[in-house]
Amino acid sequence: MIGIDTIIQGVLLGGLYALFASGLSLIFGIMRLVNLAHGDLIVFAGYLILVGVSVFGLNPFLSALIAAPLMFGVGWVLQLAVLNRVLGHNILPPLLVTFGLSVILQNLLLETFSADSQRIPVGVLETASVDIGVTSLGLLPLLTFGSAIAVILILNWIFYRTALGRAFRAVSDDPTTASLMGIKPNRIFALATGLALVIVTIAALYLGMRANFDPTTGPARLLYAFEAVIIGGLGNLWGTLIGGMIIGVSQTVGAALNPEWQILAGHVAFLIVLLIRPRGLMPKQ
Amino acid sequence: MITRRKLLKTTAAASAVLAAPAIAQGRKIKLGYVSPQTGPLAAFSESDAFNIDLFLGTDIGSEFEVIVKDSQSNPNRAAEVAQELIVDDEVELMLVGSTPETTNPVTTTCELEGVACISTLAPWQPWFIGQQGNPTDPGSWQPFDFSFHYFWGLEDIINVFTAMWGQLDTNQRVGGLFPNDADGNAWGDPTVGLRPGLEAAGYNLLDPGRFQNLTDDFSAQINAFKGDNADIVTGVIIPPDFTTFWNQAKQQGYAPKAVTVAKAILFPPTVEALGEGAHNLSSEVWWTPTHPFSSSVSGQSAAELAEAFSTETNRPWTQPIGFVHSLFEMAADVMGRTASTGDGEAIAEAIAATNLETIIGRVAFDGAGVPPFAAANVTKTLLTGGQWRRREDGSFELVVVENSDAPNIPTGGAFETLT
């Protein structure tokens, strides 16, 4: 029953979870902020892409390309106007603010787009597949996995090869000292949230093409993202990808044994990793 | 400055004003109506406002007042608003519709308070058995004194589904998708669910097990169906999960001859979201504009009612429109016949004696086709099977393809295999 096919499907599913999780990981890694509205922001971005597709008749990928800078703007404003005010030693205020944001976003989407479930149409790509002998793989899941790797490669490049990345790492380690060196932490935080929301847009594109979404589907997406981030080690992006893959593979293997165990297997894997490595597989030094 | 004396005066005046309308009224008959207008089940209630306005605008409707409450798709909330309608608004008759999550708590509340209640839009088993103290012990099941329900049951689903599949040449192997929720557990139950009926009809059901709603991966089910060589897929599944399943099935090269699922593809927006892949998917059909019935309050035919809805709201017709309309037909008929409009028992007697031709067909609590334990409270409505056909412009049309249980409803074509 547990064939190569099950493992491969799980790895590909992990790619989707890693995409959900990267934005969350980025925000947490830089400013120790747990963004509870992450799932709702994914759904929000999904609707933004959908508007481009259904109202202006754009290709979904083009629509996402237009939505990405808009989402960057949303993140920038959100961080400067709201989240920066509550960041501090106490982690509760930002947690509560993002929780409130989650409720507001859901209801705003419900008012604007109604409770109808929506999907981003992509024509033949929806069902296209490649035959690799042992099994056939959907082109869309493959693309999702590839995008997850690309996103993490690019983020790592930004982190370790650019001046912006140095600033990210500096404010993450010690905002006070960083600001002595001429870095404005609030500005850097705003850039980080903007960047995270660009990744959110990419996640939204693949979620919207894979399954239906409606204004209330956000929180369910947050949970897997959260687990992937924690398994991988908080703030480590490669760890997030591995975390996503562990959850994905556990779910497909669990389901192959019995569909009742599908979701449970993911959660159990999460707990086992926490028991063995409480700080995650690849904790930040 | 507010003094104690002043406060007492103003509050006394305010309460007098508040109490005034209750005394002045009493001419119009008060109907309470509970339905899920918001939340995940909101699509069922899309036609509520349209149907209530239509009813109140007719001659007979002008004698009624309808107090509408939203269950928010939440059973606790449904019980709460039913209580409000009974205690605060003093409604004389309760109407409730749309899925067991709303009908059951409202019916239970009415039963406790001794208020007559008419319910519809939920299969009768979850409605009747779901409200019993011990749903697993048929010996303990009690009939209701004030509550009545009209809709179809799981046995009708089995008849319709197998009759549709019978039109194709298949290997009679069926894969089942039953999630871990109220519907999935009822349909997937090995003794009272679909299995015994399907097996009696010669079909082999493969049920890989319950899965959680909002699952992101259906490879396990797809592999199991592939391994079993299932020509047919059935189940009761929520729309997002069906989309995920169907796309993955196509990606992984699984191509069944027929996919007949309940719940997921009831409403046009979800079918349109599936795009080309939705062509020839099939589902149960309880009401269409081609049903040869007309309204007893407005005189409109089914087609005219659906047309009026589409013109007013700019939305395609959906199956609940006819049933929501019929609830108000029932109310008008029952309150016209009852010996006393203020007496729950007299109204319940009038409901039990109903024999009315409505827009969804005849409603009469004569016990036809219903097991004895539920015969006093339940009557069954017609059920047919339909397929979604994609038009040239990308929109979808629901065509009735199976009517052996309801031969007076015209079919629009034969059951076609998925291409």
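Seven bridges join strand S1 (residues 29–35) of chain B to S2(B), and the two strands run parallel. Helices (H or I, at least four residues) and strands (E, at least two) are DSSP runs, numbered from the N terminus. This is a predicted model, in which local features need pLDDT of at least 70 and side-chain atom pairs count only at pLDDT 80 or more, while totals for chains, interfaces and linings use all residues. Residues are numbered from 1 along each chain as its sequence is written, and chains are lettered from A and ligands numbered from 1 in the order in which they are written.

**Sheet of chain B**

- S1(B) and S2(B) belong to an open sheet of six strands, ordered S2-S1-S3-S4-S5-S13, with parallel pairing; two strands pair if DSSP finds at least two bridges between them.
- Strand S2 (64–70) and strand S13 (378–379) of chain B are the edge strands, each with a single partner, so one side of each has no neighbour in the sheet.
- B:Val34 has B:Lys69 as its bridge partner in S2(B).
- Helix H13 (residues 320–337) of chain B lies across S1, S2, strand S3 (93–97) and strand S4 (116–120) of chain B, and runs at about 165 degrees to S3(B).
- Helix H14 (residues 344–352) of chain B also packs on the sheet, where it touches S3, S4 and strand S5 (147–150) of chain B, and its direction makes about 40 degrees with that of S4(B).
- For these angles, axes are lines fitted to C-alpha atoms, for helices over the stretch in contact, and the values run from 0 to 180 degrees between N-to-C directions.

**Chain B overall**

- Chain B has 14 helices and 15 strands.
- Its radius of gyration is 23 Å, close to the 22 Å that the globule rule gives for 419 residues, so chain B is as compact as a globular protein of that length.
- The radius of gyration is taken over C-alpha atoms, and the globule rule is 2.2 Å times the number of residues to the power 0.38.
- Along the principal axes, the C-alpha atoms of chain B fill a box of roughly 80 × 50 × 50 Å.

**Interface between the chains**

- In chain B, 33 residues are in contact with 32 residues of chain A; contact requires that the C-beta atoms of two residues, placed from the backbone, lie within 7 Å.
- Helix H9 (219–228), helix H10 (239–251) and helix H11 (268–274) of chain B each supply at least two residues of the side that touches chain A.
- H10(B) gives the most to that side of chain B, with eight residues.
- By class, the side of chain B that touches chain A has 10 nonpolar, 19 polar and four charged residues.
- Ala, Val, Leu, Ile, Met, Phe, Trp, Tyr, Cys and Pro count as nonpolar, Asp, Glu, Lys and Arg as charged, and the others, Gly among them, as polar.

**Chain A overall**

- Chain A has 11 helices and two strands, in the sequence pattern α-α-α-α-β-β-α-α-α-α-α-α-α.
- The radius of gyration of chain A is 19 Å, close to the 19 Å from the globule rule for 285 residues, so chain A is as compact as a globular protein of that length.
- The C-alpha atoms of chain A fill a box of roughly 60 × 50 × 35 Å, taken along the principal axes.

**Helix packing in chain A**

- Helix H1 (residues 4–31) and helix H5 (residues 139–161) of chain A pack at about 30 degrees with their axes 7 Å apart.
- H1(A) and H5(A) are therefore roughly parallel; angles under 35 degrees count as roughly parallel, over 145 as roughly antiparallel, 65 to 115 as roughly perpendicular and the rest as oblique.
- The crossing of H1(A) and H5(A) is left-handed, meaning that the near helix is turned anticlockwise from the far one by less than a right angle, with clockwise giving right-handed.
- Residues of H1(A), including A:Leu12, A:Gly15 and A:Leu16, meet residues of H5(A), among them A:Pro141, A:Phe145 and A:Val151.
- The contact of H1(A) with H5(A) has 12 nonpolar, four polar and no charged residues.
- H1(A) also packs with helix H10 (residues 237–257) of chain A, their axes coming within 6 Å and crossing at roughly 140 degrees.
- H1(A) and H10(A) are therefore oblique to each other, and their crossing is right-handed.
- By class, the contact of H1(A) with H10(A) has 13 nonpolar, 13 polar and no charged residues.
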